[in-house]
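Some labels for a protein structure rest on cut-offs. Let us check a few of them, one at a time.

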Amino acid sequence: MLQKELFYAAMGTGATCLATVLGAAMAFFFKKDLSPAVQKVFLGFAAGVMIAASVWSLLIPAMEMAQAQGGSALLPAGGGFVMGGVFLMLLDSLLPHLHPGSREPEGLHANWKRTTMIVLAVTLHNIPEGMAVGLSFSVAALDPSPGALAGAAALAIGMGLQNFPEGAAVSLPMRSQGVSRGKAFLCGAASGVVEPIFGLLTVLAAGSITGVMPWVLSFAAGAMIYVVVEELIPEAQLGEHSHAGTVSVMTGFLVMMLLDVALG
């Protein structure tokens with residue numbers, strides 16, 4: 001049965017990784033960086049998608065699964081959520097990375113290339129996304145009802161929609177700075193490879209211990225909410241009277257909610 005779960009998780013995370021790769025391919029067609037206004041819209045949309053996914057695709061299934069196992073839903077959902085946030089906070093403070101458009105790197109000091117640290121910044125965002133998609137498809141592999149697979153597909157579509165501009169957000173700034181098309185594309189594509197890696201690793205960890213799935217689902221939710229609160233929403237709101245960021249957050253949330261309802 002674990003092989004089926006891994007196969008489903010590989011398919012789901014492979015699709016979201018492909019969206020990042022396609023976004024990175026914009027380096028072959030454009031040389032200019034995305035405008036600040038467009039970047040705010042994409043960041044806000046990603047934040048809205050991740051908030052909705054954390055609630056409907058991770059926290060609610062975690063609570064339902066914990067209750068089905070005969071236990072309380074509060075401890076796995078709350079405990080896992082906090083652990084996920086702490087995990088991303090540690091990665092954020094330790095891993096050297098540089099957000100696109102920023103001048104000062106974050107994390108521990110390292111004499112790494114600017115391009116490397118930009119890739120690592122987007123990689124940080126993609127870790128919880130890979131965990132979420134992998135787990136959702138793993139749960140769908142165990143649930144024979146069509147609604148489970150449809151819900152996982154809705155999550156993958158939502159993540160894919162916001163992964164496309166993420167790939168472009170890595171490759172296009174590099175291209176505008178004179179980096180070759182091929183290198184800019186490879187760097188943008190590499191930021192998405194972490195999704196299938198962490199998706200499969202998380203499914204393996206969850207499948208090896210009985211009863212741990214509710215914890216892992218809420219862990220992924222906490223990690224995603226940390227990214228939203230710490231990075232995406234503040235960056236989407238940079239500047240005075242930035243209504244574009246707010247509207248895009250609400251749009252992303254609405255799109256993810258409609259996808260979940262329509263396909264579920």
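The questions below set values against definitions.

This is a predicted model, in which local features need pLDDT of at least 70, side-chain atom pairs count only at pLDDT 80 or more, and totals for chains, interfaces and linings use all residues. Residues are numbered from 1 along each chain as its sequence is written, and side-chain values use heavy atoms, with hydrogens and water left out.

Q: Why are α2 and α8 called oblique to each other?
A: Helices here are DSSP runs of H or I, at least four residues long, numbered from the N terminus. Helix α2 covers residues 36–68 and helix α8 covers residues 243–263. Their axes cross at roughly 40° and come within 6 Å. Axes are lines fitted to C-alpha atoms, for helices over the stretch in contact, and angles run from 0 to 180 degrees between N-to-C directions. Angles under 35 degrees count as roughly parallel, over 145 as roughly antiparallel, 65 to 115 as roughly perpendicular and the rest as oblique. The α2 and α8 pair is therefore oblique.

Q: What is the handedness of the crossing of α2 and α8?
A: The crossing is right-handed. That word applies if the near helix is turned clockwise from the far one by less than a right angle, and left-handed applies if anticlockwise.

Q: Which residues of α2 and α8 meet?
A: Contact means heavy atoms within 4.5 Å. On the α2 side, Gly44, Gly48, Ala52 and Trp56 are among them. On the α8 side, the list includes Gly245, Ser248, Gly252 and Met256.

Q: How do the residues of the contact of α2 with α8 divide by class?
A: There are 14 nonpolar, seven polar and two charged residues. Ala, Val, Leu, Ile, Met, Phe, Trp, Tyr, Cys and Pro count as nonpolar, Asp, Glu, Lys and Arg as charged, and the others, Gly among them, as polar.

Q: Why do α4 and α5 count as roughly antiparallel?
A: The axes of α4 and α5 cross at roughly 170° and come within 9 Å. The pair is therefore roughly antiparallel. Among the residues that meet are Thr115, Val122 and Glu129 in α4, and Leu155, Met159 and Met174 in α5. This contact has 16 nonpolar, six polar and two charged residues.

Q: How do you know whether Ser54 is buried or exposed?
A: Look at the relative accessible area (buried is under 20%, exposed over 50%, partly exposed in between, with a 1.4 Å probe and protein chains only). Ser54 has 1%, so Ser54 is buried. Ser54 lies in helix α2. Leaving out residues up to four places away in sequence, Ser54 touches Leu59, Ala221, Met224 and Ile225.

Q: Is Thr115 buried or exposed, and what makes it so?
A: Thr115 has 15% relative accessibility, so Thr115 counts as buried. Thr115 sits in helix α4.

Q: What label does Gly107 get, and why?
A: Gly107 has a relative accessible area of 35%, so Gly107 is partly exposed. Gly107 is in the loop between α3 and α4. Gly107 and Ser93 are 14 residues apart in sequence, yet 4.5 Å apart in space, C-alpha to C-alpha.

Q: What makes a set of residues a nonpolar core?
A: Such a core is a set of buried Ala, Val, Leu, Ile, Met, Phe, Trp, Tyr and Cys residues joined through side-chain atoms within 4.5 Å. The largest one here has 43 residues. Met50, Leu58, Leu135, Leu155, Met159, Met224 and Leu232 touch the most other members. Helix α7 gives the most to this core, with 13 residues. A second, separate core has eleven residues, including Val122 and Met174.

Notes
Helix = DSSP H or I, 4+ residues; strand = E, 2+ residues; numbered from the N terminus.
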